[in-house]
Amino acid sequence: MTTSLETKSRRLIIVGDVQLSRGLMMTVLVKLGYDVATAATAAEALTLLSRRSYALCFVALDLEDGSGLALAETIRKARDIPRALPVVIFGDAWDREAVIRECERLSLQGYLTKPISISRLVATVRQNISQAAEPRLEIEDREALTNHIDLDHLAQLTGGDSQLQAELAELYLATASQYLEKLRDSITNCAEDRDHWRKIMHALKGASANFGARVVAEVARESEGSTPSPEVIASIENLVAEIRSVLHKAPKSDL
């Protein structure tokens, strides 16, 4: 059973940037099992923060009703919000150094510039939240996994952090499954729509390449311009299943 402390440690809030980073950030973090709340404005954020405890707060530099840094300063001074709440600013700035100085002055936990990569986002969350129960990826059959994944790329992406590798692997498998479902739907519902097929396959290729699943990425690349085919889907499904199978053999991993 999940305790209230464990639930709170998974609870995040993202403020601002509704259509861009907030959507992507929320999608990634929810897939990794975090409870994510969102607020479009500083006023909405302050209401949410005063009513509920959060483990981490992301704030966009520019908000509909003011400055993200001004909101962060208000959060730090608010009596009904814990001063220990980690706050991370994200977005683009003309003067990056000035933003960093303000973050330091307000004792904020960092500044993420765009584009925000998945690895930087997850690493930031992990740096600011206690993650004692998170899965770790300890590769037992390295040779079998090397047949499917560029482990050097994965190590570089995560700085060799096995816990972050496990989280990204979990995210990749969930994302690949979603794209496979969309590919199956593309045959069932729009068999003649090659553009729909191409867009999904292109997205799968990108996700696979980013993670280092080079074999899946190559098959997706070769299939972008092909006719929608159940055989192609079955081939990719088998590859993803093999990756999942090898990862499941890693000790201490819940993947």
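**Strands first, then a helix**

Author: This is a predicted model. Strand 6 and strand 7 (residues 110-112) pair in the parallel sense over 3 bridges.

Reader: Which residue is the bridge partner of isoleucine 89 in strand 7?
Author: Tyrosine 111.

Reader: What pairs with strand 3?
Author: Strand 6 does, again in the parallel sense. Strand 3 covers residues 56-60, and the pairing has 4 bridges. Valine 59 has isoleucine 89 as its bridge partner there.

Reader: Are the residues of strand 6 buried or exposed?
Author: Buried, all of them. Val87 and Ile89 point one way, Val88 and Phe90 the other.

Reader: What unit do strand 6, helix 5 and strand 7 make?
Author: A right-handed β-α-β unit. Helix 5 spans residues 96-105.

Reader: New topic: helix 8. Which residues are buried there?
Author: Leu151, Leu154 and Thr158, within residues 151-158. Seen down the helix axis, the buried residues fall within an arc of 60°, so they line one face of helix 8.

Reader: And what is on the other side?
Author: Asp152 and Gln156, both exposed.

Reader: What caps the N-terminal end of helix 8?
Author: Aspartate 150. One of its side-chain oxygens lies 3.2 Å from the backbone nitrogen of aspartate 152.

Reader: What comes just after helix 8?
Author: Glycine 159, with a positive phi of about 65°.

Reader: Zooming out, how many helices and strands are there?
Author: The chain has 12 helices and 7 strands. Of its 255 residues, 47% count as buried.

Note on methods. Residues numbered from 1 in each chain as written. Predicted model: local features only at pLDDT ≥ 70, side-chain atom pairs only at ≥ 80, totals over all residues. Heavy atoms only, no water. Buried < 20%, exposed > 50% of the residue type's maximum accessible area, 1.4 Å probe, protein only. Helix = DSSP H or I, 4+ residues; strand = E, 2+ residues; numbered from the N terminus. Arc of directions from axis to C-beta. Polar contact = N/O pair within 3.5 Å; in protein donor to acceptor, adjacent residues only side chain to side chain. Pairing = 2+ DSSP bridges. Right-handed = clockwise from strand over helix to strand, strands pointing away.
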